[in-house]
Amino acid sequence: ELKTDDIQSDIFVGKQKHNQLFYFFTIHDAASFKRHLAADIAPIVTSVTQIPHVHRQPLVAVNIAFSHAGLLALDVNYEDNSLNDEIFENGQAASAVTSLNDDTASWVPQFKDAENPIHGVIILASDNIQLIDRQVACIQSDCGPSISKVYSLPAAVRPGCHAGHEMFGFLDGIAQPSIRQLHKTHFPGQNVVDAGVIITGAVGDVDGEGNPIKRADWAVGGSFLAFRQLQQLVPEFNRYLLQNAPAGEGDLQSRADLMGARMVGRWKSGAPVDLAPTADDPELGADPQRNNNFTYEHEGSDLRSDQSRCPFTAHIRKTRPRADLTSIGFDDKPNSIMRAGIPYGQEVTPEEQASGTTIHERGLAFVAYQSQLAKGFQFIQQSWANATNFPPKKTPPPEEIGFDPIIGQATGAQARLVSGLDPNDTSGSLSIPQFVISRGGEYFFSPPISALRGHLAG
Ligand code: N7H
């Protein structure tokens, strides 16, 4: 049984609110803040139970999560094995270069400022931005000087017909794991996983041998939140596609669109290239019965060598390899994450589009929930997206399969080689500039709501 009224709402994303604010804070006075946490914040934190019922939905959904430094600053009983996640305990800055290939020179200074560490994040979501501002002002005045803002990032669903699409233009939020203990129906092709893949201490939160990971009692029902501010160079991306569009029939724009679709693994409508390899199919993209129902395996085609439909490097294939792993006796289910990202920044201006150069920062406020960072976000970025020999056992062995063209990060001067994108010559590679720039982030623990009143306020 999952206690959904004790689990914070953002972990199992429902319908996305139009606006979100990520409010990063630092704690100055633990004793005073803990009183406000229990008395003022816990009562307004939204649970999973509240979300599906319109009449129970708050006007502003509020979630709160703490970094390791934040849990230490709270000065509660927080032993080494309370959470048992080394990556969380080290913090994102510590392993960003070695594990993620980040260039921390591009990081927002507040994410790497050891003097003034980020202790937590409050995530506010509403269809009305004024209500978010009012709620933040209210929390600030309740908490007084016990905490202060270090940094904040406003984010919003894109306007008009772009709603639901990320900044490069692709429909997002299609493929999420389905939780066996929570969701009554599963769409074809969805990964059905135990709650413990996302929720700490729930069924399925296990190590490599299948033994339950030890979590303190107060931490059962939480989830680790990987936050990343990922800048997207949209005009540069669009220009690159036009300049490198594969030869073939059709006008330049449609060949550029094919290149973009092969990088992502889906067309802008969401239609998977594995099912629609040559042209977008918006009906397919919009149909949840079909848009996730594929494995990359086809009769009469060799899964080890055939990239005619979908490159091995395509973003959604690198981040969820489906039959690339199951066909060789592995499974991608334990590495599932719940994604709750939302775009930030303004729309591309005509000036930026014409010049092919970004002037205003925009991108994805990336949020992923998982019960173990070593299996979830960090694993996917490090061992799949950045691993040039992944997926494995492809033949003839491409010298290098290469990086995920969307999020793959090379180290230092290493070229960002990506193979398979040109449908006319899938053995060829391109050295692709980086269009997604990490501006940094932090790892947080989103505790069960009971802990906000109980253990963490104690
Ligand atoms: Fe990704 N994009 O627009 O290209 N992503 N992503 N992602 N992503 C997905 O299927 C994108 C990022 C995953 O189950 C879609 O819902 C961009 C990180 C996973 O088949 C699109 C950025 C990580 C999936 C994008 C970004 C992931 C997925 C298709 C950064 C993890 C599901 C929509 C700016 C380390 C795969 C959908 C599956 C889907 C894009 C980041 C992982 C369009 C622009 C950092 C697991």
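Biologist: Leaving aside neighbours within four places in sequence, which residues is F22 in contact with?

Modeller: This is a predicted model. Neighbours of F22 within four places in sequence are set aside here. The residues then in contact with F22 are V121, I122, I123, Y151, S152, L153, A155, F227, I342, A365 and V367.

Biologist: How many residues has the largest nonpolar core?

Modeller: In soluble globular proteins, nonpolar side chains tend to be buried together. Here, F22 and F33 have the most contacts inside the largest core. That core draws at least three residues from each of domain 1 (4–230 + 441–457) and domain 2 (236–335 + 388–436). A second, separate core of 14 residues includes W267, A271, V273 and L284. The size of the largest nonpolar core is 111 residues.

Biologist: What area do domain 1 and domain 2 bury between them?

Modeller: The C-alpha centres of the two domains, domain 1 and domain 2, lie 31 Å apart. Their contact takes 20 residues from domain 1 and 26 residues from domain 2. Carbon and sulfur atoms account for 59% of the buried area, which is about 2,000 Å².

Biologist: How many residue pairs are in polar contact between domain 1 and domain 2?

Modeller: Salt bridges between domain 1 and domain 2 number 0. For polar contact, both residues of a pair must be at pLDDT 80 or more. On that basis, the count of residue pairs in polar contact between domain 1 and domain 2 is 8.

Biologist: How many disulfides does the structure hold?

Modeller: A disulfide is a covalent bond between the sulfur atoms of two cysteines. The closest cysteine sulfur to that of C138 is in C143, and because the separation is 9.4 Å, the two are too far apart for a bond. C138 is partly exposed at 36% relative accessibility, whereas C310 is buried at 1%. The number of disulfides in the structure is 0.

Note on methods. Residues are numbered from 1 along each chain as its sequence is written. This is a predicted model: local features need pLDDT of at least 70, side-chain atom pairs count only at pLDDT 80 or more; totals for chains, interfaces and linings use all residues. Side-chain values use heavy atoms; hydrogens and water are left out. A nonpolar core is a set of buried Ala, Val, Leu, Ile, Met, Phe, Trp, Tyr and Cys residues joined through side-chain atoms within 4.5 Å. Buried means under 20% relative accessible area, exposed over 50%, partly exposed in between (1.4 Å probe, protein chains only). Domain bounds come from an automatic or database domain assignment. Contact means heavy atoms within 4.5 Å. A disulfide is a pair of cysteine sulfur atoms within 2.5 Å. Buried area is the accessible area (1.4 Å probe) that two parts lose on being put together, summed over both. A salt bridge is a side-chain nitrogen of Lys or Arg within 4 Å of a carboxyl oxygen of Asp or Glu. A polar contact is a pair of N or O atoms within 3.5 Å; within protein, one must be able to donate a hydrogen and the other to accept it, and residues adjacent in sequence count only if both atoms are side-chain atoms.
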